[in-house]
Amino acid sequence: MKRIYGVCVAILTAVISSCSNMGSGDNKLVFENNMEASYAWSDIPQRNLIYSPVAHSGKYVCIIDSANVFSITYNMKMRDVDPEPLKRVKVGAWFNAQQDGSDPNLAIDVRDSLGNTIDWISQNSKELSKRTGNWEWMEMSIDLTVKKRNASGNSLRIYAFNKMPAGCLVDDFQVAYEK
């Protein structure tokens with residue numbers, strides 16, 4: 001029995017190690033969410049995580065509109081990402097406008113250890129709003145130097161938002177840190 005347990009632990013360790021983006025000498029750490037993870041790993045998924053046959057990947061997307069202004073939110077303290085200071089973060093997500101008048105945005109909210117916003121960066125895509133009805137996916141990204149915002153108690157909150165009634169789908173968030 002101990003031998004079977006040992007073999008299982010060894011296999012599990014190998015699988016986990018191979019899934020990590022932090023190899024020896026690699027200076028990047030990547031967090032991804034394709035919406036299936038958020039849906040499947042929650043007893044009560046957010047109401048704006050919906051099944052969609054036109055998802056960018058998988059079968060679930062996050063819809064943002066005036067009823068669901070914000071997408072799911074990535075929220076990590078810098079010290080929980082890596083104990084070493086980080087240089088930059090590149091954030092990306094895929095958006096698909098559903099109707100005329102959608103106004104999708106991608107945002108990074110940098111907060112101090114008390115939860116106060118010390119920096120807020122947003123990327124808007126008016127170009128995406130013009131592509132309605134074509135079911136085209138478009139990637140938006142923000143590249144941010146985090147050196148000055150790198151206190152270990154600081155956290156990054158990353159999300160998409162849309163205050164307009166016209167809906168927009170969001171899928172495949174990626175947060176990539178560079179050491």
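Let's start with Ser52, which counts as buried at 7% relative accessibility. By buried I mean under 20% relative accessible area, while exposed is over 50% and partly exposed is in between, using a 1.4 Å probe and protein chains only. Ser52 sits in the loop between β2 (49–51) and β3 (60–64). Those labels come from DSSP runs, numbered from the N terminus: helices are H or I with at least four residues, and strands are E with at least two. Which residues does Ser52 contact, leaving aside its neighbours within four places in sequence? They are Lys59, Val61 and Leu169, where contact means heavy atoms within 4.5 Å.

A quick word on the source: this is a predicted model, so local features need pLDDT of at least 70 and side-chain atom pairs count only at pLDDT 80 or more, while totals for chains, interfaces and linings use all residues. Residues are numbered from 1 along each chain as its sequence is written, and side-chain values use heavy atoms, with hydrogens and water left out.

Now to salt bridges. How many does the structure hold? It holds three, where a salt bridge is a side-chain nitrogen of Lys or Arg within 4 Å of a carboxyl oxygen of Asp or Glu.

One of them joins the side chains of Lys179 and Asp82, at 3.3 Å from N to O. This pair links distant parts of the chain, 97 residues apart: Lys179 is in the segment after β10 (168–178), and Asp82 is in the loop between α3 (78–81) and β5 (88–97). Lys179 is partly exposed, with a relative accessible area of 26%, whereas Asp82 counts as buried at 11%.

Another pairs Arg88 with Asp143, and here the N to O distance is 3.2 Å. Again, distant parts of the chain are linked, with Arg88 in strand β5 and Asp143 in strand β8 (residues 138–145), 55 residues apart. Arg88 counts as partly exposed at 28% relative accessibility, and Asp143 is partly exposed with a relative accessible area of 47%.

Then there is Arg111 with Asp109, whose side chains meet at 2.7 Å, N to O. Is Asp109 buried or exposed? Asp109 is buried, with a relative accessible area of 3%, while Arg111 is partly exposed at 25%.

Let's turn to the backbone. Most residues other than glycine have a negative phi. Met35 has a positive phi, near 75°, and is not a glycine. You can find Met35 in the loop between β1 (28–33) and α2 (36–40), and it is buried, with a relative accessible area of 0%. Asp172 is not a glycine either, and its phi is positive at about 55°. Asp172 lies in strand β10 and is buried, at 16% relative accessible area.

Last, let's look at the largest pocket. How much space lies in it? About 190 Å³. A pocket, found on a 1 Å grid over the protein atoms alone, is an open set of points where a 1.4 Å probe fits, with protein on both sides within 12 Å along at least five of seven lines; lining residues have an atom within 4 Å of a point. The volume is the space filled by probe spheres set on the points, which are joined across faces, edges and corners. Residues lining the largest pocket include Phe31, Tyr74, Ile158 and Phe173. β1, α2 and β10 each supply at least two residues of that lining.
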